[in-house]
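Subject: Handing over the structure, with notes

Dear colleague,

I am passing on the structure we spoke about, and below it you will find my notes. Please open it beside this email and follow the residues as they come up.

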Amino acid sequence: NNCKCKDHCSSLDCFQSDVKAILDWGLDSVKLDGCGQEENVTLWRNLVNTTGAYPMMIENCHNGPNVPCGTAPAQCPLHMYRSSTDIAPCWGSILANIQTVPPLAAAGLTYPGCWAYPDMLEVMQTNLQGRMPAPVSVTESRTHFGMWAIVSSPLILGFDVTNGTLVDAAWPFIANREAIAINQQWAGFSGTIFYSSTEQTFFKPCGWWQPNCTFPSVQYFYKPQPKNTVAVMLVNNANNTQDLPLTFNTVPGLQAG
């Protein structure tokens with residue numbers, strides 16, 4: 001159902017033949033985009049499950065945003081869903097997309113088996129399609145990866161992994177076991193933003209279709225971890241370096257000792 005093929009039919013036999021092809025190829029995940037006609041995610045799920053071949057991860061993209069029907073797993077016929085529009089390789093777009101997760105987290109709509117997903121990672125992305133000003137830097141990539149990790153987003157790389165220079169630059173954080181462990185842990189809540197400064201910073205561009213935007217210059221994230229611990233991330237979105245103060249008793253679930 002992607003933008004290259006633009007499937008032309010939505011009848012049952014179209015779904016069945018596509019599911020069969022994907023299973024025959026041995027693929028272990030499928031992203032259902034929004035360019036074609038096969039948009040019935042529940043039907044996809046049922047057809048995959050009834051084959052009994054092997055488990056498959058299903059992403060509901062449909063160009064985003066797409067919100068599940070409720071907080072129960074039975075009301076979410078997929079494994080992850082797009083909370084945002086298409087991401088672009090620029091910091092304004094990365095910030096715009098991460099802001100779509102906290103309202104879903106507050107509503108209990110991102111949880112194991114049904115994760116809110118603010119699109120793929122733009123870590124070390126150099127394909128600017130002639131529309132973005134500069135590749136995503138190492139500093140931006142590291143912070144981007146950390147934000148996705150701490151809100152329990154699926155971590156799907158989108159850069160050229162055959163480029164050794166890019167891989168070497170990204171490896172220290174995309175292979176960071178502590179960050180990945182924080183992303184994978186579930187202690188009852190998916191993680192969110194708990195502080196945003198009143199001071200704003202201007203960004204240009206902010207995505208494929210948004211020319212400019214403003215976002216808080218500073219934002220703090222947290223995610224509960226097992227054994228009454230909490231992961232915290234401080235993000236400076238401003239154009240200048242600055243110290244970011246943190247008082248422990250302002251972190252949800254963390255008591256000052």
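Which residues does M147 touch, not counting those up to four places away in sequence? Before the answer, please keep in mind that this is a predicted model. With such sequence neighbours left out, M147 touches W91, I94, L95 and I98, and also F221, M233 and V235.

Stepping back to the whole chain, you can count seven helices and nine strands in it. Its radius of gyration is 19 Å, close to the 18 Å that the globule rule gives for 257 residues, so the chain is as compact as a globular protein of that length. The C-alpha trace spans about 60 × 45 × 35 Å along its principal axes, and 46% of the 257 residues count as buried. If you take the contacts between residues at least 6 apart in sequence, 65% of them join residues that are at least 24 apart. The chain exposes about 13,000 Å², of which carbon and sulfur atoms supply 53%. As for charge, there are 12 positive and 18 negative side chains, and the centres of these two sets lie 3 Å apart.

Helix α3 deserves a careful look, since eight of its eight residues are buried. These are W91, G92, S93, I94, L95, A96, N97 and I98, and what covers them includes the helices α4 (101-106) and α5 together with the strands β6 (200-203), β7, β8 (218-225) and β9.

G146 lies in helix α5 and has a relative accessible area of 16%, so it counts as buried, the cut-off being under 20%. Its C-alpha atom is separated by 19 Å from that of P103, a residue 43 places away along the chain. Q225, for its part, belongs to strand β8 and counts as buried at 11% relative accessibility. Leaving aside neighbours within four places in sequence, Q225 is in contact with A181, I182, Q185, A187, V230 and A231.

Finally, some points of backbone geometry. Most residues other than glycine have a negative phi, and most peptide bonds are trans. With that in mind, please look at the peptide bond from K204 to P205, which is cis, with omega near -5 degrees; P205 lies in the loop between β6 and β7. M124, which sits in the loop between β4 (115-117) and α5, has a positive phi near 55 degrees, and K227, in the loop between β8 and β9, has a positive phi near 60 degrees. Is each of these two residues buried or exposed? M124 is buried, with a relative accessible area of 7%, whereas K227 is exposed, with a relative accessible area of 79%.

With best wishes

How values were computed
Residues numbered from 1 in each chain as written. Predicted model: local features only at pLDDT ≥ 70, side-chain atom pairs only at ≥ 80, totals over all residues. Heavy atoms only, no water. Helix = DSSP H or I, 4+ residues; strand = E, 2+ residues; numbered from the N terminus. Rg over C-alpha atoms; globule rule 2.2 N^0.38 Å. Buried < 20%, exposed > 50% of the residue type's maximum accessible area, 1.4 Å probe, protein only. Contact = heavy atoms within 4.5 Å. Areas by Shrake-Rupley, 256 points an atom, 1.4 Å probe, with all protein chains shown as cover. Lys, Arg positive; Asp, Glu negative; His and termini not counted. Charge placed at Lys NZ, Arg CZ, Asp CG, Glu CD.
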